[in-house]
Amino acid sequence: MVTLGHFLLLSGLLMAVGLYGVLTRRNLIAVLMSVEILLNAAALAFASVAAFRDPHLFAGQVFALFVIVVAAAELSIGFAILLNVYRTHGAVTDDAISEMRG
Amino acid sequence: MSLTAFYALAAFALVFAIFAVTTANMVRAAFSLAITFFLIAGLYLLLGSPALAAIQFMVNASAIPIMTLFIIMMTQSRSSAGPRTWQIAAGLLAAAAALVFFKGAVGHGDGQITPVSPETLGVNLLQAALLLFEVASVLLLLAMVGAIVLARRRAG
């Protein structure tokens, strides 16, 4: 029988993988992709707690929906900023934006 | 039966997520990220929520990888440089901290999955969370306009 613990453990493992990616990736697009893994892990935790513990309102699943919305908005703005970084610096790596200029 | 499905989906989702954050080839990372999100949509089906699974499939497993591939193409970043040594140490430390944080989660053994129909989820969305729903639509509109303004090519 699948329990809430299974889903929460998977969510924690995905969160660990995403954190590792955020800290180790040097291409900024890859960093944003790791942030996506983090947000999906959080949404999965919300949805599973709602399915197991909230049989009337399913508030966690509604919240998981909003997490997906915020993730999409964050990613589109992030990519637009990275496009500007590419135009001004010629690359989207962490070395390219290590200096700040007006 | 559902335990087997869970273990298969979870194992493949984890493997593809690890591949997505470690491979040097950016295009492969984007595709394996799409597969991870597709498998998470399967997990939502296992949780008895087809509406959430459909949204996850349409947004996270289809639209976002396409956008990611476009931006990889436009910035010509085929590969990601390998991490520095201190970055690997910090990453492993943070991952271990996250696992310690989630250690207490394993104990939640009891409870039953309650399937939720798309109708129920939609009614909850438009009654209990109506204000949040409207704020989310304004947020999406703002993000769309903001992305267009930010990515516009400056004249001169």
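In the predicted model, the axes of helices α1(B) and α2(B) come within 8 Å and cross at roughly 160°. Axes are lines fitted to C-alpha atoms, for helices over the stretch in contact, with angles running from 0 to 180 degrees between N-to-C directions. Helices are DSSP runs of H or I with at least four residues, numbered from the N terminus. Because angles over 145 degrees count as roughly antiparallel, α1(B) and α2(B) are roughly antiparallel to each other. Their crossing is left-handed, a term for a near helix turned anticlockwise from the far one by less than a right angle.

On the α1(B) side, the residues making this contact include Phe6(B), Leu9(B), Phe12(B) and Phe16(B); on the α2(B) side they include Leu33(B), Ile40(B), Leu43(B) and Leu46(B). Two residues are in contact if their C-beta atoms, placed from the backbone, lie within 7 Å. By class, the contact of α1(B) with α2(B) holds 16 nonpolar, four polar and no charged residues. Here Ala, Val, Leu, Ile, Met, Phe, Trp, Tyr, Cys and Pro count as nonpolar, Asp, Glu, Lys and Arg as charged, and the others, Gly among them, as polar.

Between the chains, the contact takes 60 residues from chain A and 70 residues from chain B. On the side of chain A that touches chain B, α1 (4-24), α2 (28-53) and α3 (59-89) each supply at least two residues, and α3(A) gives the largest share, 19 residues. This side has 42 nonpolar, 14 polar and four charged residues.

The largest nonpolar core has 75 residues. Such a core is a set of buried Ala, Val, Leu, Ile, Met, Phe, Trp, Tyr and Cys residues joined through C-beta atoms within 7 Å, a residue being buried if 20 or more other C-beta atoms lie within 10 Å of its own. Its largest share, 18 residues, comes from α2(A). Ile29(A) and Ala47(A) touch the most other members. Beyond its neighbours within four places in sequence, Ile29(A) is in contact with Leu82(A) and Val92(A) and, in chain B, with residues including Met26(B), Ile71(B) and Ile72(B).

Leu10(A) lies in helix α1 of chain A and counts as buried, because 25 C-beta neighbours fall inside 10 Å. The C-alpha atoms of Leu10(A) and Asn84(A), 74 residues apart along the chain, are separated by 36 Å.

Residues are numbered from 1 along each chain as its sequence is written, and chains are lettered from A in the order in which they are written. In this predicted model, local features need pLDDT of at least 70 and side-chain atom pairs count only at pLDDT 80 or more, whereas totals for chains, interfaces and linings use all residues.

Methods:
Buried ≥ 20, exposed ≤ 12 C-beta atoms within 10 Å, placed from the backbone. Parallel < 35°, antiparallel > 145°, perpendicular 65-115°, else oblique.
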